[in-house]
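Dear colleague,

Here is the structure that I promised to pass on to you. Please look through it first, and then read the notes below alongside it.

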Amino acid sequence: MNAQNWRWLMVVVGGAIPALLMAGIAGGGCTDDAYWYSCDDDIPPNIDNKPCRDAGPAADACDGADDCNDVGTGGGGAGTGGGEEEGGGDGIGGGLSSLCVGQCVPAEPPGWFEPLLLWMGPPDKAPDCPATAPVPGFELHADLVVEPYRCAACACDPPDASCEVPAAWSAADSACPAGPGAQRTSFAAPEAWDGTCTTANAIPAGQACAGGPCAQSLDIPAPRVGAGACAPSVVEEPGEEPGEPQGSFRWATFARACAGVTPPAPCGGPGMRCSPAPPEGDAAPPEGFLTCILHHEGEHECPPTYPSRRVVYEGAEDSRGCTACTCGEPSGGACSVLASAFSDEACSTVVVSVLTTSEAPFCGAIAPGTALGSKSAAVVDLETGSCTPGGGEPIGDVAPRGAVTFCCLDRQPQPPEPPRLWNPELG
């Protein structure tokens, strides 16, 4: 409901009020001063000893009154219904201001909506609109309370790892570890070797290098773990629905605006208007109703006549979410390989058989001149390692939207002083 929707509340004034206003009281001796009607102080009674010097339409309003003070002041004349004490009897002011069945308050500045009643407090204690302003208007909110937003924990599936058996085997013409001057002879396996028996680069028995046997020690490199990337995954918290991160928000304060249905009426003086009054016995704020004007679009500073500012909102936009789960590089992988060298070409006569790991290569002495005719390797153990998960962090926020500014009276207005009306007896 926007500010324009409130305009239907402005009921066209009917009955005695427009008849009185249109009767021409402003003519002759009665003057119109922002809904106050009085006789000019410097004009004496007319020759007929009537309260007003006008035989025109205003005579209907003045006839029957003992003096001009009787017009609209409780003397039985037009504007009060008669029987009230001088000054209006309703605590608002004399003259035609007594026609205001609510309260006389400062008029709203341009761009602001006319005064209405506003209640603000806990949502579970919101009252209905009072009888003095029975038309419900805006239902708004303030004091946003945002609970922590929790994202589901991220995890990483194990990497798709493999154990690459070592291929770059070699023999040296010296004991382990071979020094810088040692001569090495390749005993390497084929490229992309899967560990099956192979005779590649066989070294015959007694092969000589620099005057001595080429094969006096054997080097077998460490196997290597080949790991692909880890796939991220989401770990749901126990008791939670899949894909439903936790987090909520609520409003601690509810605001209800209520408008009246009373037609406009003369009130107080220039710059005043008639508006609904808080119900009799209304508690002090924040429990009670306040008299406020409003600006429907955004936050605004309050005018001096309505100094107490309250900003409320139509709702809130929740833009929160979670960052995507990610995985770091694999680490911690390890594997073990049983590597064997044979003197024959059929991988049957063992020269060396040793368990090598991805953290420790092998170097061992063999009988000088021993033939290295074939070799094999078999993966014994593989630990794929893991990836460190990332992401799954809350992002975004909850922001109020649709700001509406209410500017209110700190206290209910005091009744205005009644106008000074001309009395022929007092002068």
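Helices and strands here are DSSP runs, numbered from the N terminus, with helices (H or I) of at least four residues and strands (E) of at least two. Please keep in mind that this is a predicted model, in which local features need pLDDT of at least 70 and side-chain atom pairs count only at pLDDT 80 or more, whereas totals for chains, interfaces and linings use all residues. Residues are numbered from 1 along each chain as its sequence is written, and side-chain values use heavy atoms, with hydrogens and water left out.

To begin with the chain as a whole, there are 2 helices and 27 strands in it. Of its 427 residues, 42% are buried, where buried means under 20% relative accessible area, exposed means over 50%, and partly exposed lies in between (1.4 Å probe, protein chains only). The chain exposes about 21,500 Å², of which carbon and sulfur atoms supply 52%; accessible areas come from the Shrake-Rupley method with a 1.4 Å probe. Among contacts (heavy atoms within 4.5 Å) between residues at least 6 apart in sequence, 79% join residues at least 24 apart.

The loops hold some backbone details. Most residues other than glycine have a negative phi, and most peptide bonds are trans. Pro177, in the loop between strand 8 and strand 9, is joined to Cys176 by a cis peptide bond with omega of about -10°. In the loop between strand 9 and strand 10 (208-209) is Ala192, whose phi is positive, near 55°, and which is exposed, with a relative accessible area of 77%. Asn201 is also found in the loop between strand 9 and strand 10; Asn201 has a positive phi of about 55° although it is not a glycine, and counts as partly exposed at 40% relative accessibility.
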